[in-house]
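Below are a few points to go through with the structure open beside you.

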Amino acid sequence: MTDVFSTRKRSDVMSCILSRGNKDTELALAKLFQRQRITGWRNQKIFGKPDFVFRQARLTLFVDGCFWHGCLKHSKPPRSNQTYWRAKMIRNKARDSSVSRALRKKGWRVLRIWEHELARKNEIRLLRRIQRALG
Ligand SMILES: [Zn+2]
């Protein structure tokens, strides 16, 4: 497999990602972008801390973990402390939507993808969503 990034560029990309806490989901998406030659993104720090910012396309992209963000398919609160977990997930979801709203007000487009969309079998559908959002 040929690497589309030079060694130097790759280490920039990776250190960018690692500095944000090395989230597996983010890394998986960054790798997908590399494979598909989707460029123009940064791990830029703007309001709401999107995982990826496509400045030129005015698109912010968030990868929401199924557990923490309350995905309806995969998010089951642990057996103990159910009330606590439910409340936490509800708070997370409320924060997600207020961040999205605020970004849209500032003229950004917002794309939120679920962690489970990163599975290989969902890749084509996910790519279509991202490409449509990029215009
Ligand atoms: Zn899910």
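What pLDDT does the chain average, and what percentage of the residues score at least 70? The average is 84, and 84% of the residues score at least 70; pLDDT is the predictor's confidence in each residue, from 0 to 100.

1. Ground rules. This is a predicted model, in which local features need pLDDT of at least 70 and side-chain atom pairs count only at pLDDT 80 or more, while totals for chains, interfaces and linings use all residues. Residues are numbered from 1 along each chain as its sequence is written.

2. Confidence by element. Helices (H or I, at least four residues) and strands (E, at least two) are DSSP runs, numbered from the N terminus. A contact here means two C-beta atoms, placed from the backbone, within 7 Å.

3. The sheet. Four strands form an open sheet with mixed pairing, in the order β1-β2-β3-β4; strands pair if DSSP finds at least two bridges between them. The edge strands, each pairing on one side only, are β1 (41-42) and β4. β1 and β2 run antiparallel and are joined by 2 bridges.

4. The core. The largest nonpolar core has 11 residues, among them L29, W41, I113 and W114. Such a core is a set of buried Ala, Val, Leu, Ile, Met, Phe, Trp, Tyr and Cys residues joined through C-beta atoms within 7 Å. β2 (52-54), β3 (59-64) and β4 (109-114) each supply at least two of its residues, and the largest share, 4 residues, comes from β3.

5. W41. Do look at this core residue. W41 stands opposite F54 in β2, and leaving aside residues up to four places away in sequence, W41 touches F33, F52, V53 and F54.

6. Helix α3. Residues 82-105 make a helix of 24 residues that reaches 35 Å from first C-alpha to last, close to the 34 Å expected at 1.5 Å a residue (1.5 Å times one less than the number of residues). Of these 24 residues, the number buried is 1, so α3 lies largely in the open; buried means 20 or more other C-beta atoms within 10 Å of the residue's own. Just after α3, G107 takes a positive phi of about 95°.

7. α3 lies across β3 and β4, at about 150° to β4. Helix α4 (residues 123-134) lies across β2, β3 and β4, running at about 175° to β4. Axes are lines fitted to C-alpha atoms, for helices over the stretch in contact, with angles from 0 to 180 degrees between N-to-C directions.

Note on methods
A residue is buried if 20 or more other C-beta atoms lie within 10 Å of its own, exposed if 12 or fewer, and partly exposed in between; C-beta atoms are placed from the backbone.
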